[in-house]
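Please examine the structure shown below.

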Amino acid sequence: MKGLAGLWRHGRWRPGVQLAGAVALAWGVSVALRLPESFWSVMSVLIVMRPSAGSTLDAGWDRVRGTAAGALCGLAGVYLQHHGVNALAATLSIVVLLAFASTAAPGLRSAPVAALIILSAGGIPGHSALQVAMLRMAQIGIGVGVALAVATFMSEYHAGARFDEGCAALLRGIAKRMAATQRPAEAEVERVHAATRASLGRLALLAGSADLEARWWRRGTAAEGARTYRNKARLAARIFQDAVVLDRVLRRQDGVDSFPLEAARAAAAAVAGMADALADDLAGKGSPDLADLARLAETGTTTPSHALLAAPLCLLLDDLRRLQRCIAAPTTQTAQTTQAR
């Protein structure tokens, strides 16, 4: 029972439960409204549903926009057929043109499908082409609305919280490797770096959804904070690069001088502190202590024998300070908004 609760709490089952619930709800709404072919709303749910409300809204808006364009083009094709144009030629031409346009404008990816549905929808008895188009639009609207409602109200684990947790875990892994006294073999290093780059790619995608949620649900957020999570993802990637460079430089140091070991420990502590700031949401309440890292970076700059370590230490310190300001920015903006009110 404890294991099942852990799976649910960490969101491993939640996307599946959300999708299943949204499918059932969309079908029920369509049936209650007595719409013909109720499963078109279900299809919309399957297309637009995402684990977070922000990404669902983004996909839903693209589908509505593309479907509206496709419906208009489908109606134009029906009009041409009504005036004597060959049905196959009109249908194929419109669908091909929309398919070509969808490659240049990804938001129109659903347009060819919508146009094809309308152009081939003569099988619904008692409904004209215009009525079919309106029914499709209504069913798509139901599917998108249900998907967004379910993603918003059933999800306890939104993209922003998932991003901060994932980013904190990544930074802790970097700090742990930096603090290690023994360096692993080159093959193991390459494997770890490849896994970290894959994690950074997933975080970048999650950051887009988190920023979209913030833009929709916190409309008072300042424009400069609209890309907060993308900035965090970018800085996390830079911190990873700084750590790689620092590790390569540390490998070239001799074991007599204690400064490289002290620098590695200070860098690991600073990165671990930044991970704690992300995980515990300490923005405005506390921040990682970067004093030791700043002192060692300054020492490396002013001491010729430590000059090789100065550059990676300064780069890491600069990126950690940038991430520190990025974490604190939402809290600062919220406080300013509260004071203004």
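The questions and answers below concern this model.

Reader: On what basis are the values given?

Author: This is a predicted model, in which local features need pLDDT of at least 70, side-chain atom pairs count only at pLDDT 80 or more, and totals for chains, interfaces and linings use all residues. Residues are numbered from 1 along each chain as its sequence is written, and side-chain values use heavy atoms, with hydrogens and water left out.

Reader: Which element of the chain has the lowest mean pLDDT?

Author: pLDDT is the predictor's confidence in each residue, from 0 to 100. The chain averages 78, and 79% of the residues score at least 70. Among the elements, helix α10 (residues 228-251) has the highest mean pLDDT, 90, and the lowest, 48, belongs to helix α1 (residues 2-9).

Reader: Over which residues does pLDDT stay under 50, with one contact beyond four places in sequence?

Author: Where pLDDT is low, the predicted coordinates should not be read in detail. A contact means heavy atoms within 4.5 Å. The stretch with pLDDT under 50 and one such contact beyond four places in sequence is residues 1-5.

Reader: How many helices and how many strands does the chain have?

Author: Helices (H or I, at least four residues) and strands (E, at least two) are DSSP runs, numbered from the N terminus. By this assignment the chain has zero strands, and its helices number 13.

Reader: Is serine 110 buried or exposed?

Author: Serine 110 lies in the loop between α5 (87-104) and α6 (111-119). Leaving aside residues up to four places away in sequence, serine 110 touches Asp62, Arg63, Gly66 and Thr67. Buried means under 20% relative accessible area, exposed over 50%, and partly exposed in between (1.4 Å probe, protein chains only). Because its relative accessibility is 11%, serine 110 counts as buried.

Reader: How exposed is tryptophan 27?

Author: Tryptophan 27 has its place in helix α2 (residues 14-32). With a relative accessible area of 38%, tryptophan 27 is therefore partly exposed.
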